[in-house]
Amino acid sequence: MFSTAIIKTEYLPPVSTFWALANSDKVLLEVKENYQKKSTRNRARIQGVNKIEVLSVPLKRGKNSKMPIENVQVSYDDNWPGKHLHSIRSAYGNSPYFDFYFESIETIIRTEYDTLLELNNTLLNLFLESLTLSTDIQNTTAFKSEYEINDCDLRFVKYNDPILPNYTPKKYNQVFEEKHGFVPNLSILDLIMCKGPESILYI
């Protein structure tokens, strides 16, 4: 058990993020950092029919490493919501709980949020409710480069980094497991579409 989990805003977060939330006494959401490219802040991984697909939320021009994450805006110049929802339907249309969750996810993704933080927070709250995790998440009020030793700091975990230290993924039946084998730490979408109300047991 960690004293505090410090998380970054994430689009359709990986399962490991919720493991950290479930195993921490307190959770801080970093809203005072600067935006970092090529991260789960605006990217998610799902298992497609033939390969792992990366769903990336395009951002408005002007994004760079010096822009505060709370100011980063989502671009709707391209129909990415339609593309993401098509990918999600193709990946999980045959999953046991697709019909139970897809409508809520579709509503959020099709809503045009001003900032990435708003979009991600709305999805995060949906997943917390789905997992019955009554986690109290507080926004940071200032940026700190380091926290205490017994804290779980997920802010600097890179997009392609190995799975977190101390985190052992629990295997569950996936849609394309016969074809690809079990793929750990995909987006939480993968878990809830496959296990539904039992998802919390696999965190």
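Let's start with helix α3, whose buried residues are F98, Y101, F102, I105, I108 and I109. Here, buried means under 20% relative accessible area, exposed means over 50%, and partly exposed is in between (1.4 Å probe, protein chains only). Look down the axis of α3 and those buried residues fall within an arc of 135 degrees, so they line one face of the helix; the arc is that of the directions from the helix axis to the C-beta atoms.

Before going on, a word on what you're looking at: this is a predicted model, where local features need pLDDT of at least 70 and side-chain atom pairs count only at pLDDT 80 or more, while totals for chains, interfaces and linings use all residues. Residues are numbered from 1 along each chain as its sequence is written, and side-chain values use heavy atoms, with hydrogens and water left out.

Back to α3. The helix runs over residues 98-110, 13 residues in all, and reaches 17 Å from its first C-alpha to its last, close to the 18 Å expected at 1.5 Å a residue. That expected span is 1.5 Å times one less than the number of residues. Helices (H or I, at least four residues) and strands (E, at least two) are DSSP runs, numbered from the N terminus. What sits over the buried residues of α3 includes α2 (80-92), α4 (116-130) and α6 (188-195), with contact meaning heavy atoms within 4.5 Å. Turn to the face pointing away from the buried side and you'll find the exposed residues D99, F100 and E103.

Now for the charged pairs. Side chains of opposite charge can pair when their charged atoms come close. The structure holds 9 salt bridges, each a side-chain nitrogen of Lys or Arg within 4 Å of a carboxyl oxygen of Asp or Glu.

Take E70 and K32, whose closest N and O atoms are 3.1 Å apart. E70 lies in the loop between β4 (52-56) and α2, and K32 in the loop between β2 (24-30) and β3 (43-47), so the pair ties together parts that are 38 residues apart in sequence. E70 is partly exposed at 29% relative accessible area, and K32 is partly exposed too, at 33%.

R41 and E33 also meet in a salt bridge, 2.8 Å from N to O. R41 is buried, with a relative accessible area of 1%, and E33 is buried at 2%.

Then there's K171 with E177, at 3.4 Å between the closest N and O atoms. K171 is exposed at 57%, whereas E177 counts as buried at 17%. Elsewhere, salt bridges that share partners join E30, D153 and R155 into one network.
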